Amino acid sequence: MPWWDVIPKIAFFNNVLPKEEQKAPLTTQELTEYLQKARELSLTLEDLRTIISRTSRKDALKFCQVASRIRDELRGRILTYSRNIFIPVTKLCRNACFYCTFRRPFVQRGREFISEREVTMLLERAKKLKVTEVLFTTGERAEYRYKNAMKWLKTHDFDSTIEYVYHLGEKCLDVGLLPHINAGALMEDEMKMLKEVSASMGLMLENVSVRLTRKNEVHHAAPDKHPRYRLETHILAGKYGVPWTTGILLGIGEAADDVARSLHVIKTIHQRYGGFIQEIIVQNFQPKSGTVMKRVSPPDPEYVKFIVALARCYLPREIGVQVPPNLNRGHEVDFIHSGICDWGGVSPLTKDHVNPEMPWPREKELYDISVRSGFVLRRRLPLYPRFVASKWTSERVWETLERYKLADEKGFSSK
Ligand code: SF4
């Protein structure tokens with residue numbers, strides 16, 4: 001079935017319906033049946049739709065318990081994270097999402113992109129701190145919108161942002177660091193190029209709802225956020241076998257049904273393209289001053305935990321579920337008990353440029369929280385152990401992995 005067929009045409013926006021039209025909570029018998037199907041990892045899209053729109057707050061906890069048990073059975077009591085640095089290659093972006101403060105509409109002349117010298121200095125410091133992952137993030141297609149961005153690239157002998165990112169990826173590999181590249185929606189030649197120098201890559205799907213691109217909706221001014229381009233990029237990643245991180249963003253105006261469809265599309269593409277997705281980030285929207293959505297409330301943490309649990313119950317076992325710890329301070333233990341297995345990248349050196357107001361926890365804090373909850377905390381590489389075990393990388397990346405002995409015998413970080 002092509003991907004456009006897995007996006008159903010129905011748009012049942014339960015959370016914006018008048019009260020009298022909202023659906024009744026699950027009956028005890030329905031709840032028992034769905035919990036059983038969740039335990040067996042056999043929920044269907046229709047089940048998921050019903051569960052998301054009809055589970056009461058109290059019953060949501062039962063799905064969290066099931067998800068937590070599934071995670072234990074699949075992975076043991078191990079939580080992971082990656083020690084990384086975050087390099088924003090450019091903050092210019094042709095899109096303007098209503099919640100974003102990463103994007104800068106203007107930058108000082110000559111500062112359109114981070115310089116190679118700055119990157120070299122960051123890599124040197126990262127090496128000293130035993131970092132293994134370098135997260136490169138860019139605004140999308142800056143040179144399509146900003147003449148000065150194109151000028152900067154041409155002056156430095158690059159034709160596009162992607163070419164520059166590729167060059168920086170090579171620099172990382174040369175010094176024994178592994179790039180994880182988030183460069184937005186990509187075209188086929190760009191995916192092929194970046195795959196060579198990426199240990200892993202990622203793109204937040206965010207949501208498959210086309211409605212969110214309409215007037216007054218969050219992605220109206222963001223052409224690259226049209227679900228079609230996000231999905232095409234996921235499909236290209238699958239086609240070229242890139243270890244892949246995807247994600248959904250909660251609290252941006254999505255309906256219950258949109259979340260169900262987004263998880264379903266992720267599952268479908270993953271299965272069709274041989275299991276290339278390593279993890280899904282379940283990210284909660286955070287209101288930021290200076291944005292269109294500054295007064296919009298963030299999603300209820302209970303809702304986020306519930307969706308985390310459903311992601312664990314619905315997605316194939318090999319896909320890890322991650323929440324960013326800096327966006328969920330004080331709720332870490334609850335997320336562990338909702339089925340997560342990973343905390344994502346945590347940096348001892350750089351800030352989270354997407355959420356600069358929310359500092360990373362120190363690794364020691366994550367360690368203590370994990371141990372107190374009965375888990376071992378392991379440091380992983382940007383690509384998950386199963387990709388290391390099956391040598392699921394380009395030759396170039398594998399050469400760096402071997403030369404610098406970055407992985408231990410189980411595929412975790414050896415540093
Ligand atoms: S979220 Fe990404 S695509 Fe949207 S404006 Fe910010 S940098 Fe651009």
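Q: Where is the place of Pro348?
A: In this predicted model, Pro348 sits in the loop between strand S8 (342–346) and helix H13 (363–372). Leaving out residues up to four places away in sequence, Pro348 touches Arg83 and Leu129. The C-alpha atoms of Pro348 and Arg362, which are 14 residues apart along the chain, are separated by 7.4 Å.

Q: How many other C-beta atoms lie within 10 Å of Pro348, and how is the residue classed?
A: The general idea is that a residue counts as buried if 20 or more other C-beta atoms lie within 10 Å of its own, and as exposed if 12 or fewer do, with partly exposed in between. Pro348 has 15 such atoms within 10 Å and is therefore partly exposed.

Q: Is Tyr34 buried or exposed?
A: Tyr34 counts as buried because it has 23 C-beta neighbours inside 10 Å. This residue belongs to helix H1, and, when residues up to four places away in sequence are not counted, Tyr34 touches Leu26, Asp47 and Ile51. The C-alpha atoms of Tyr34 and Glu170, 136 residues apart along the chain, are separated by 48 Å.

Q: How do helix H1 and helix H3 pack, and at what angle?
A: Two packed helices are described by the angle between their axes and the distance between the axes. Here helix H1 (residues 28–39) and helix H3 (residues 57–75) pack at an angle of about 20°, with their axes 10 Å apart. That angle makes H1 roughly parallel to H3, since angles under 35 degrees count as roughly parallel. H1 passes H3 in a right-handed crossing, and the contact is made by Leu31, Leu35, Ala38 and Arg39 of H1 together with Asp59, Lys62, Phe63 and Val66 of H3. By class, this contact has 5 nonpolar, no polar and 3 charged residues.

Q: Which residues of H3 and H11 make the contact between these helices, and how do their axes cross?
A: The axes of H3 and H11 come within 8 Å and cross at roughly 40°, and the two helices are therefore oblique to each other. Their crossing is left-handed. On the H3 side the contact is made by Arg57, Ala60, Phe63, Cys64, Val66, Ala67, Ile70 and Arg71, and on the H11 side by Glu302, Lys305, Phe306, Ala309, Leu310, Arg312 and Cys313. Sorted by class, the contact of H3 with H11 has 10 nonpolar, no polar and 5 charged residues.

Q: What is the angle between helix H9 and helix H10?
A: Helix H9 (residues 227–239) and helix H10 (residues 256–272) pack at an angle of about 25°, with their axes 9 Å apart, and they are therefore roughly parallel to each other. H9 passes H10 in a right-handed crossing. The contact is made by Leu231, His234, Ile235 and Gly238 of H9 and by Val265, Ile269 and Arg272 of H10; its classes are 4 nonpolar, 2 polar and 1 charged residues.

Q: Which residues of the largest nonpolar core touch the most other members?
A: Of the 113 residues in the largest nonpolar core, those that touch the most other members are Val165, Val282, Val308, Leu310, Ala311 and Cys313. Helix H11 (residues 301–314) gives the most to this core, with 9 residues.

Q: Which residues is Ala311 in contact with, leaving aside neighbours within four places in sequence?
A: With those sequence neighbours set aside, Ala311 is in contact with Leu263, Ile280, Val282 and Val321.

Conventions. Residues numbered from 1 in each chain as written. Predicted model: local features only at pLDDT ≥ 70, side-chain atom pairs only at ≥ 80, totals over all residues. Core = buried A, V, L, I, M, F, W, Y, C linked by C-beta atoms within 7 Å. Helix = DSSP H or I, 4+ residues; strand = E, 2+ residues; numbered from the N terminus. Contact = placed C-beta atoms within 7 Å. Axes fitted to C-alpha atoms, helices over the stretch in contact; angles between N-to-C directions. Parallel < 35°, antiparallel > 145°, perpendicular 65-115°, else oblique. Left-handed = near helix turned anticlockwise from the far one by under 90°. Nonpolar A, V, L, I, M, F, W, Y, C, P; charged D, E, K, R; others polar.
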